[in-house]
Structures are given as structure tokens and as C-alpha cells.
Amino acid sequence: MMFSTLARRSLLQNGRQQLVNNSRRTAASGPPIPASALRQWYNTFGKSNITYVSFVVVGMLVVETVYGVTTDFVWNTVNQGKTFETVDWTKFVVEDDDDDDDDDDDDEEEEEGEEGESEDDDDDE
């Protein structure tokens with residue numbers, strides 16, 4: 001039992017030491033972006049507050065536009081035929097007699113005209 005506890009401690013300590021060594025190697029290798037590129041970016045955008053804020057705002061607008069166009073494309077691709085713009089509305093055409101509606105409208109106008117004439121006749125008497 002004592003041996004297993006010592007073995008566990010030894011393994012844990014060796015594992016921690018390897019993690020520390022790996023992180024030191026990664027940090028020592030330098031940043032993933034070359035220093036000259038960072039210096040150029042700083043000289044162009046980072047020296048002045050207004051240029052930095054402009055960089056952030058323009059970058060935000062560009063990213064938002066690209067993101068919006070991409071998500072709209074994906075949405076329309078996935079929902080093809082399910083949205084108002086992509087439904088084939090000719091499948092839902094109902095055969096309706098417009099002539100019957102026109103005849104009914106004409107009949108109603110004639111009835112209104114006859115009622116108006118009978119009222120005019122009453123006024124003459």
C-alpha cells in the first residue's frame with residue numbers, strides 16, 4: 001500500500017514536470033506571429049487611438065457582413081422550399097370562378113340602383 005502511494009506521487013510529479021517543461025518550450029518558441037508583422041500592424045493601426053478604434057469598427061462591420069451573408073446562405077440552403085420566397089405557389093392555386101363574383105357584384109349594384117329610384121319616386125308624390 002505504501003509502495004502504490006509513492007508510485008502515484010512519483011507519476012503525478014513527473015506528469016506535472018512534463019507539463020511545465022512543455023509549456024516553457026511553447027512560450028520560449030515565441031509568438032505565432034512574427035515580430036516584424038506585429039510591429040508593422042502597430043505602426044499602422046495601434047499608435048493612435050482613432051486609428052485603432054477605426055480598425056476595430058471596420059473589422060467588426062466586415063466580419064458582421066461576412067457572417068450575415070454566410071448564415072443567410074446556410075439558412076436558405078437548409079430551408080429550400082420551406083420559406084415564403086422559395087415555395088412554389090402554383091401548387092396552391094384554387095380554381096375560383098371570378099365570373100360568378102363579378103355577376104354577384106353586378107347584381108348588387110343593380111339592386112342598389114333600383115332602391116335609389118324607388119326613393120326618388122316617393123319624393124315626387
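Six aromatic pairs turn up here, counting rings whose centres lie within 6.5 Å. One of them joins Trp41 and Phe45: the ring centres sit 6.1 Å apart with the planes at 45°, so this pair is tilted. Keep in mind that this is a predicted model. The chain itself is helical, with four helices and zero strands.

**The aromatic cluster**

- Trp41, Phe45, Tyr52 and Phe55 are linked by ring pairs into a cluster.
- Trp41 and Phe45 share helix H2, which covers residues 35–46, and they are four residues apart there, about one turn of the helix.
- Trp41 also pairs with Tyr52, and that pair is edge-to-face, with 6.2 Å between the centres and 90° between the planes.
- Since Trp41 belongs to helix H2 and Tyr52 to helix H3 (residues 49–78), the pair ties together parts that are eleven residues apart in sequence.

**How covered are those rings?**

- Trp41 has a relative accessible area of 31%, so it falls in the partly exposed class, between the 20% and 50% cut-offs.
- Phe45 is partly exposed as well, at 29% relative accessibility.
- Tyr52 comes out at 40%, which again makes it partly exposed.

**Helix H3**

- H3 runs to 30 residues and spans 43 Å from its first C-alpha to its last, close to the 44 Å expected at 1.5 Å a residue.
- On confidence, H3 has the highest mean pLDDT among the elements of the chain, at 96.

- Thr83 sits in the loop between H3 and H4.
- With a relative accessible area of 16%, Thr83 counts as buried, because the cut-off for that class is under 20%.
- The side chains of Thr83 and Thr86 make a polar contact at 2.9 Å.

**Whole chain and confidence**

- Going along the sequence, the pattern reads α-α-α-α.
- The chain's accessible surface is about 11,800 Å², and carbon and sulfur atoms account for 56% of that.
- Mean pLDDT for the chain is 78, and 56% of the residues reach 70 or more.
- Helix H4 (residues 98–124) has the lowest mean pLDDT among the elements, at 61.

Definitions and conventions. Residues numbered from 1 in each chain as written. Predicted model: local features only at pLDDT ≥ 70, side-chain atom pairs only at ≥ 80, totals over all residues. Heavy atoms only, no water. Phe/Tyr/Trp six-rings, centres within 6.5 Å; stacked < 30°, edge-to-face > 60°. Helix = DSSP H or I, 4+ residues; strand = E, 2+ residues; numbered from the N terminus. Buried < 20%, exposed > 50% of the residue type's maximum accessible area, 1.4 Å probe, protein only. pLDDT = per-residue confidence, 0-100. Expected span 1.5 Å × (residues − 1). Areas by Shrake-Rupley, 256 points an atom, 1.4 Å probe, with all protein chains shown as cover. Polar contact = N/O pair within 3.5 Å; in protein donor to acceptor, adjacent residues only side chain to side chain.
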